[in-house]
Structure formats: structure tokens, C-alpha cells
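Me: Got a model open here and I'd like to talk it through. Can you walk me around it?

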Amino acid sequence: LHKRWRLAIVGIGHLGGALANYVNFTSLGFSVVALLDNDKKIIGNKVNGLKVTDSADMKRVVAANAVDIGVITVPASEAQGVAEQLIAAGVKGIWNFAPIKLGVPTEVPLVNEDLSIGLSALSYHMTQEEQE
């Protein structure tokens, strides 16, 4: 983790906005350098000092900002297309928060975050404590 990694977040709704404002990324070696969305109401707004760009300009934005990692926080129905756009634009890895398993080339590292797994694990541990 000695390298600085540049992130682009695609989907600036509640989760994407929260990640864009997450202050500990910097201390971990990550910099959010681009925000993308396809919602005309969100495009042009600033989140944590970064202007939200139209996701139609993804290839240009990824290249201009030397993005390493694409962060997907869009609905499941849009996630595969976004992943394909990110890969075509040149990202080296994807962090996926959409509730769907993505198909990506084997040379592109992919991490799927499933928030329901963490909540289910917590529920399991709490139930175990109640039974003791």
C-alpha cells in the first residue's frame, strides 16, 4: 500500500456521495479524482470539491485523471455496462458495490462488496450471543 491509487466513482447517489466524502481514503493511499453520473440533476454539482461529470465522458475523464480504480455504485441494472465502460476507458481494477456479480476479464481485479453479507454476519453473531 505504498502506491497512491486514483479512484473514479460512478454513480453519485447516496452511497457514491458518501464514498466521495470518505476522509480516510487519503491516509490509506487512495485519492478520489473523478465523479461520474448520468443524472442531469447531479451532473455539474460538486461533492467534496469535485465536479460531477457526465458518465458519457468516461473515457476522457479516466484518461485525463489517470484513474486506476473504478468504483461502481450504480443500480444492478446498469452495473455491467458501467464495468465495461470503465475497462474500455483503461481502469486497472474495479470495486463494485452494485448488488450483482460482474463479468470482467481475468486481468482486471474485481472486488464485490455485498453490504447484506456484513449485516447477515452481524445478525448471526448477535443471535449466537443470545443463545449462550
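Me: What kind of model is it, and which cut-offs apply?

Reply: It's a predicted model: local features need pLDDT of at least 70, side-chain atom pairs count only at pLDDT 80 or more, and totals for chains, interfaces and linings use all residues. Residues are numbered from 1 along each chain as its sequence is written, and side-chain values use heavy atoms, with hydrogens and water left out.

Me: OK, how many helices and strands are in the protein chain?

Reply: The protein chain has 4 helices and 7 strands. Those are DSSP runs numbered from the N terminus, with helices being H or I of at least four residues and strands E of at least two. Along the sequence the pattern reads β-α-β-β-β-α-β-α-β-β-α.

Me: And what's the order of the strands in the sheet?

Reply: It's an open sheet of 7 strands, ordered E3-E4-E2-E1-E5-E6-E7, with mixed pairing. Two strands count as paired if DSSP finds at least two bridges between them. The edge strands, each pairing on one side only, are E3 (46–47) and E7 (110–112).

Me: How many bridges join E6 to E7?

Reply: 3 bridges, and E6 (residues 93–96) and E7 run parallel.

Me: Switching to packing. Which residues touch the most other members in the largest nonpolar core?

Reply: Val10, Met58, Val62, Ile72, Val82 and Leu86, out of 21 residues in that core. A nonpolar core here is a set of buried Ala, Val, Leu, Ile, Met, Phe, Trp, Tyr and Cys residues joined through side-chain atoms within 4.5 Å. Buried means under 20% relative accessible area, exposed over 50%, and partly exposed in between, using a 1.4 Å probe and protein chains only.

Me: Which elements supply at least two residues each?

Reply: Strands E1 (5–10) and E2 (30–37), plus helices H2 (58–64) and H3 (76–89). H3 gives the most to this core, with 5 residues.

Me: What is Val82 in contact with?

Reply: Skipping neighbours within four places in sequence, Val82 is in contact with Val10, Met58, Ile72 and Val74. Contact means heavy atoms within 4.5 Å. There's also a second, separate core of 15 residues, with Ile9, Phe25, Ile42 and Ile69 among its members.

Me: How much of the chain is buried?

Reply: Buried residues make up 36% of the 132 residues. Of the contacts with a separation of 6 or more, 52% link residues 24 or more positions apart.

Me: Now Asp68: buried or exposed?

Reply: Asp68 is buried, because its relative accessible area is 5%. Its place is in the loop between H2 and strand E5 (69–72). Leaving out residues within four places in sequence, Asp68 contacts Lys3, Arg4, Trp5, Arg6, Val91, Lys92 and Gly93.

Me: And where is Ala56 found?

Reply: In the loop between strand E4 (50–54) and H2. Ala56 counts as exposed because its relative accessible area is 66%. From Ala56 to Asp37 it's 19 residues in sequence and 8.4 Å in space, C-alpha to C-alpha.

Me: Last one, what does Asp54 touch?

Reply: Asp54, which sits in strand E4, touches Leu36, Asp37, Asn38, Lys40 and Ile43, not counting residues up to four places away in sequence. Asp54 and Thr73 are also 19 residues apart in sequence, with 15 Å between them in space, C-alpha to C-alpha.
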